Amino acid sequence: MAYQVSIFLENKPGHFERVTGVLKANGINIRSMTLTHTVSGWGILNLLVDQPEKACEALTKAGLSAALRKVLAFGMEDHPGGLDDILMKVSHAGVNILNAYGRIISKNEQALLLIDVDDYDQALATLAAEDLYPLEDHLVYGN
Amino acid sequence: MFWEKEFETLRRKDLEKLQVDRLKKTINQAMESPFYKELYAAKGITAERISDVKDIRELPFTTKQDLRNHFPYGFLTQPKKEIIRLHSSSGTTGNPTVIFHNRHDIASWANLMARSLFCAGIRDTDVFQNICGYGLFTGGLGFQYGIERLGCLSIPAGAGNSLRQIKLMRDYGTTAIHAIPSYLGRLYEVFQAEGLDPRKDTDLRIFVIGAEPHTEEQRRRIEEMFGVKAYNSFGLSEMNGPGVAFECTEQAGLHIWEDAYLIEILDPETLEPVPDGEFGELVMTTLDRQAMPLIRYRTRDLTRIIPEPCACGRTHARIDRIAGRSDDMFIIKGCNVFPMQVEGVLLRIPEVGSDYRITLEEINGADEMIVEVEVKKDWFNGDIARLEKLTRVITSQIRDEVLAKPIVRLVEPGAIPKGKGKAVRVIDKRKQIATQIQTT
C-alpha cells in the first residue's frame, strides 16, 4: 500500500521551499510531486518520496500540516498508449480520479501512475476486478 | 428652522430642570422592572434623592452584560400586552441584546427621528429613499417612522441591489438618502458603469450617513461624488437606534437630544467625569422611554462634548464623531461585531482551533472582514474538497452570527501570531477610519 505525503500550503513566496528544506535536512528523496492551488490563496502539495513516514514526521515536527494519504500506484509501459491502457480500466471500473501524477522508474524502463481517489478500499476492489493491481511499495518508492 | 423650537432651543437652565423631572420619572418607571427593582432596593436608591442632574452620579451603571444576563424580560417595566415592538442584535452564541418599545416609545422615537432629519435640512417635500436593511436592525424601521412622521414621501428600498436603487432614484426623483458610508462608494461606481452622473442624472440633495465610523475626508468625498450635503447620524440600538444625535446644517458636530437622553462623558478607567471638550466614554440615560428605560448605560463609544454653542441656535450639546471604543467592538458593513462572536462560532466547529485573526481591509472599494483560521494538523488529510467545504461552513456560520459575510482564509498552523491582548486578534487596515481598536 503506497502513501503520498500531502501538505497544506499557503500560496506565498518561500512556503514551498520551507518543505523542501525540511526534506533536504532529513535526507529524503523526492520521486514525484504535484502542487495544486485554490482561489482561496492556499493549495496542497502532494509528494511521493522514498521514506513517507519519516518525511511526514519531520514536516509535522517543523510545524506544517502534513498527512500520509493512500494512493493507488500502478505500473505502466513507458511507451505511447501506456497511460491510456490503464485509464481504460479505471474508466471501465467507474473510479473517479481526484488527482493523478506519474514517474519513470529508470531501472526497468517502466513508468508509474499514481492516482488519488475518494474511497481507496472500494477503488482497490473495483480495479482488481479489472485485473489492475497496485505495485509493491519498494517499486513505488525505490529508484 | 426647528421641528420643535420649544424643546430644541430651551435655555440650558430650563433644559436641566426638564432633565431632572424626567430622570425622576424614569427612575420610578425603571423600578417597575425586575432588574432595577432589585438593584435599587439593594442600594436604597429612590427618585427623591435626585435634585440636580449631577445626582445621577450616585446611581450604578448598566452594561451590555446586564442586558444579556437578564434576557429577555428582566428590564421590562410593563406587561407584554403594552409592548408593540422589539429590536434585537443577532447573538446566536450568547443572549442577544433586545430592546422593547410600547406605543409611547415608538412615537417618541419617530419624533426624535423627524426632529433629526429636519435639523439636517430635510422637509416634507423631500423624497426619501432608505437604503438600509429593514427587520431587527434599527436603521430600517427607525428611519422609516421618522421619515413618515416628518411627512416625506418614503421609499423603503432596503439594502443592496444598486441597479434597482438607482432606478428607484430616477423613477421617483429621490432627493434624500440614508445609507452606510462604505456603501456609497460602491453605489457611485455603479452609476459610472451605467454611464450616469448622479450630479446631473438625479435630484439628490441630502445624504444621511451613519451606523459606521467615517472621517471628515470620506464625507467630503461622498458630497463631491454625488453633489449633495452629507450629514452624520449617530445612534445605538440600546438607545432606540438612529435619532440619538444628528448633525445640523452647520456640519460641526452632532446635537444629542438632551430632553430624551441624559449624557455623561466619563474616563473609562476611573469612571469619573472628564472636563467638557475632552474625550471619554459616552454614558447615557433614557429620559423618555417607558417600556424599557436604561439608566447610566455604558455605550463604550468614545467621544467628547463640543463646548461652544452652535450657530444654529439649538441649545442641546454637540458630540464629536465617535473616536473609537473602550472595548474591542468594531463595525463592518454597518454591523457591530465583537471578536468574541467570531471566536464563539469557531469554537463550535471542531475541525478548527480557536486561533484566529480578523483583518478589516478595503478590497475593491468595499470594506471586508477577513477571518484567518489555522488548519489543524490532526484534522488535515490532504483532501482539497474537505478544506473547501470547511471554508464554506465557517463563512456561513460567521455570517449568521454577525450578519456580515466574512472572507475566510485557511492558513498554515503557526501563521497566526500568538500573543496576549485583543489587539492581536483584530487588525484594522481601513485607512479612512480613525478608530483604533483599544487594548484593554
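This is a predicted model: local features need pLDDT of at least 70, side-chain atom pairs count only at pLDDT 80 or more; totals for chains, interfaces and linings use all residues.
The 9 strands of an open sheet in chain B follow the order β4-β3-β5-β6-β7-β8-β9-β14-β13, and their pairing is mixed. The edges are formed by β4 (153–155) and β13 (305–306); each has a single partner strand, so one side of each lacks a neighbour in the sheet. The partner strands β3 (residues 127–130) and β4(B) are joined by 3 bridges and run in the parallel sense. Within this pairing, B:F128 lies opposite B:S154 of β4(B), and the bridge partner of B:Q129 is B:I155.

Helix α6(B) touches β3, β4, β5 (176–179), β6 (206–210), β7 (229–236) and β8 (241–247) of chain B, and its direction makes about 170° with that of β3(B). Helix α8 (residues 181–193) of chain B touches β5 and β6, with a direction at about 130° to that of β6(B).

Helix α5 (residues 103–119) and helix α6 (residues 138–150) of chain B meet at an angle of about 75°, and their axes are 7 Å apart. This angle makes α5(B) roughly perpendicular to α6(B). On the side of α5(B), the contact is made by B:I106, B:W109, B:A110, B:N111, B:M113, B:A114, B:L117 and B:F118, while α6(B) contributes B:T138, B:G142, B:F143, B:Y145, B:G146, B:I147, B:R149 and B:L150. By class, the contact comprises 11 nonpolar, 4 polar and 1 charged residues.

Helix α7 (residues 162–172) of chain B and α8(B) likewise pack at an angle of about 75°, here with axes 10 Å apart. These two helices are therefore roughly perpendicular to each other. Their contact involves B:S162, B:L163, B:Q165, B:I166 and B:M169 from α7(B), together with B:Y183, B:L187, B:V190 and B:F191 from α8(B). It includes 7 nonpolar and 2 polar residues, and no charged residues.

A further set of strands comprises β10, β11 and β12 of chain B. Strands β10(B) and β11(B) pair in the antiparallel sense over 6 bridges, with B:I263 opposite B:M284 of β11(B). Strand β11(B) is also joined by 4 bridges to β12 (residues 297–303), again in antiparallel fashion; here B:G280 stands opposite B:T303 of β12(B). Strand β11(B) is mostly covered, as 7 of its 7 residues are buried.

The buried residues of α2(B) are B:L15, B:L18, B:Q19, B:V20, B:R22, B:L23, B:T26, B:I27 and B:A30. An α-helix has 3.6 residues a turn, so residues three or four places apart point the same way. The length of α2(B) can be compared with expectation: at 1.5 Å a residue, its 19 residues (12–30) should span 27 Å, and the end C-alpha atoms are 26 Å apart, which agrees.

How values were computed: Residues are numbered from 1 along each chain as its sequence is written. Chains are lettered from A and ligands numbered from 1 in the order in which they are written. Side-chain values use heavy atoms; hydrogens and water are left out. The expected span of a helix is 1.5 Å times one less than its number of residues. Buried means under 20% relative accessible area, exposed over 50%, partly exposed in between (1.4 Å probe, protein chains only). Axes are lines fitted to C-alpha atoms, for helices over the stretch in contact, and angles run from 0 to 180 degrees between N-to-C directions. Angles under 35 degrees count as roughly parallel, over 145 as roughly antiparallel, 65 to 115 as roughly perpendicular and the rest as oblique. Contact means heavy atoms within 4.5 Å. Ala, Val, Leu, Ile, Met, Phe, Trp, Tyr, Cys and Pro count as nonpolar, Asp, Glu, Lys and Arg as charged, and the others, Gly among them, as polar. Two strands pair if DSSP finds at least two bridges between them.
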